[in-house]
Amino acid sequence: MHCKANGMVRDIFDANSISRLIGGMGVGHVRYPTAGSFNNAEAQPFYVNSPYGIVFAHNGNLINTDELMTYMDATAHRHINTASDSELLLNIFANNLQQTGKIRINEEDIFTAIGGMMEQVKGAYACVAMLAGFGIIGFRDPNGIRPIGMASRKSGTGNDYLFASESVVADASGFSDWEDVKPGEAVIITRNGISRRQVAKPAPFAPDIFEYVYFARPDSVLDGISVYRSRMAMGDALAEKVRTVLKENNIEVDVVIPVPDTSRVAALNLAQKLQLPYREGFIKNRYVGRTFIMPGQQMRKKNVRRKLNAMALEFVDKVVLLVDDSIVRGTTSKEIIQMAKDVGAKKVIVASCAPPIRYPNVYGIDMPSRSELVAHGRDTDEIAAAIGADLVIFQSLPDLEESVRHLNPSITRFDCSVFTGEYVTGGVSQEYLLHIEGLRADNMRTKDALKGAIGALDSASPTETEKTVVPAGNPLNGSDDTVGLHNTWKSN
């Protein structure tokens, strides 16, 4: 049984839908519209019935999709139905399993198939798979860029097991003994027990530092690092940078105000360290989702003011220090700064817990185009002018890394490619970046055309409607117009 569609979790997985999901194993996935197709066909999990019946969910992004698509077509002879690299990854795994030629497979066969897959694919991936009648499998890319862990709970005479991207899922479901899946490791859970093995060659362990800056919930622990504690440390480090810059510019701040919600922890620590008043100046409308994940700049811009309301009494005639987790597109920041000034702020200074984001992310974050990044090609003063701030202060990269690393010194490296342009997996050339930016632009034009066609259908007469042809969501046979741009996440 399955249930998947576009929409909010609370709407799709209602009581009636859940009641129809019967069985002792399951795989779930939550994603939002990004650079990929927005039709239901690309909602995860994916499923192939051959071999063995595999359900598959993936968080991350592959960077050698063109090469893999050619292999699927010319060598494996497997048809990919969508433009999603998640389906592509599933079919690489399925094809490797099929090479065994067995009626029934065992754990050794699965480890071999995953190990072979990790040699074929490049990029970031944290995956959960279910083999019909066999068990659940979790594995992580050799660099450990995207997070995944497992936990257990007592159930009758045995145990229940869970894989998830964040430990908070286990906490909320009554699971304990959370343990991160190691980079390049595969874990197989069956009714008979747990098997785990390192199936990839050693590679630099480099978890994505943006998980700690923005994505993860503060009550999660990822790779032994408390997200909450790391954000506290970010606030402490940023306070010292703010103190120096304010002194250089002879500016005195009246109040510290966070941009809800992610920056609250850092903002509070910053205010305490600088001995400044901390106030909640923006009230959030809980019925509007994250503006970062809304498809398109205009929708993001339109929804910022629906999402936040500025309380004038905290802004009037004050020099305000706004603390945000990061500044990506600048859309949200610009609107928020203008809101503060509209209600009477004398000056608005913005402090970012992250350094300037000047490079695209290719590992599963929805900011692939350099032209969309407000910091790309701009210095700090130009960024401030672009978003309407009187001054912008950025955390330094060494301070950000140390804020996270000091909680687990065994992690010596993080993926900081959005700040440095250095990609831990290699294989990311200027030609590749131009290629994915072109795909993104083409896909946005296709979406706009589709919206226009749908609008024409809505207003057309019955006779006209019969003659109107709406383009399909995905071209047939090897569509690769958006391959490689899926399962992605954040920006401003």
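Asn408 sits in the loop between helix H13 and helix H14 (417-420). The model in which this position is described is a predicted one. Is Asn408 buried or exposed? Asn408 counts as buried, because its relative accessibility is 16% and the cut-off for buried is under 20%. The side chain of Asn408 is joined to the side chain of Ser410 by a polar contact of 2.5 Å. When neighbours within four places in sequence are left aside, Asn408 touches Asp223, Gly224 and Ile225.

**Helices H8 and H13**

Helix H13 covers residues 397-405 and meets helix H8, residues 227-248. The axes of H8 and H13 come within 8 Å and cross at roughly 145°. This crossing of H8 and H13 is right-handed. Which residues make the contact? On H8 they are Ser230, Ala233, Met234 and Ala237, and on H13 they are Asp399, Leu400, Ser403 and Val404. Sorted by kind, the residues of the contact between H8 and H13 are five nonpolar, two polar and one charged.

**The parallel sheet**

Four strands make up an open sheet with parallel pairing, in the order S12-S15-S16-S17. Strand S12 (255-258) and strand S17 (391-394) are at the edges; each has a single partner strand, so one side of each has no neighbour in the sheet. On average, neighbouring strands in this sheet are turned by 25° against each other, direction ignored. Within the sheet, strand S15 (residues 319-324) pairs with strand S16 (residues 347-352) in the parallel sense, over six bridges. One of the residues involved is Val319, whose bridge partner in S16 is Lys347.

Helix H11 (residues 331-342) lies across S15 and S16 and runs at about 150° to S16.

**The antiparallel sheet**

Another open sheet is formed by six strands with antiparallel pairing, in the order S1-S2-S3-S4-S8-S9. Which strands stand at its edges? They are strand S1 (46-48) and S9; since each has a single partner strand, one side of each is left without a neighbour in the sheet. Neighbouring strands here are turned by 20° against each other on average, direction ignored.

Strand S8 (residues 185-190) and strand S9 (residues 193-198) pair in the antiparallel sense over six bridges. How many residues does the hairpin use to join S8 to S9? The hairpin joins S8 to S9 through two residues. Along this pair, Glu185 stands opposite Gln198 in S9, and Ile189 stands opposite Ile194 in S9. Helix H5 (residues 107-120) lies across strand S3 (123-131), strand S4 (135-140), S8 and S9. The direction of H5 makes about 150° with that of S8.

**Helices on the sheets**

Terms used: Residues are numbered from 1 along each chain as its sequence is written. This is a predicted model: local features need pLDDT of at least 70, side-chain atom pairs count only at pLDDT 80 or more; totals for chains, interfaces and linings use all residues. Side-chain values use heavy atoms; hydrogens and water are left out. Two strands pair if DSSP finds at least two bridges between them. Axes are lines fitted to C-alpha atoms, for helices over the stretch in contact, and angles run from 0 to 180 degrees between N-to-C directions. Contact means heavy atoms within 4.5 Å. A crossing is left-handed if the near helix is turned anticlockwise from the far one by less than a right angle, and right-handed if clockwise. Ala, Val, Leu, Ile, Met, Phe, Trp, Tyr, Cys and Pro count as nonpolar, Asp, Glu, Lys and Arg as charged, and the others, Gly among them, as polar. Buried means under 20% relative accessible area, exposed over 50%, partly exposed in between (1.4 Å probe, protein chains only). A polar contact is a pair of N or O atoms within 3.5 Å; within protein, one must be able to donate a hydrogen and the other to accept it, and residues adjacent in sequence count only if both atoms are side-chain atoms.
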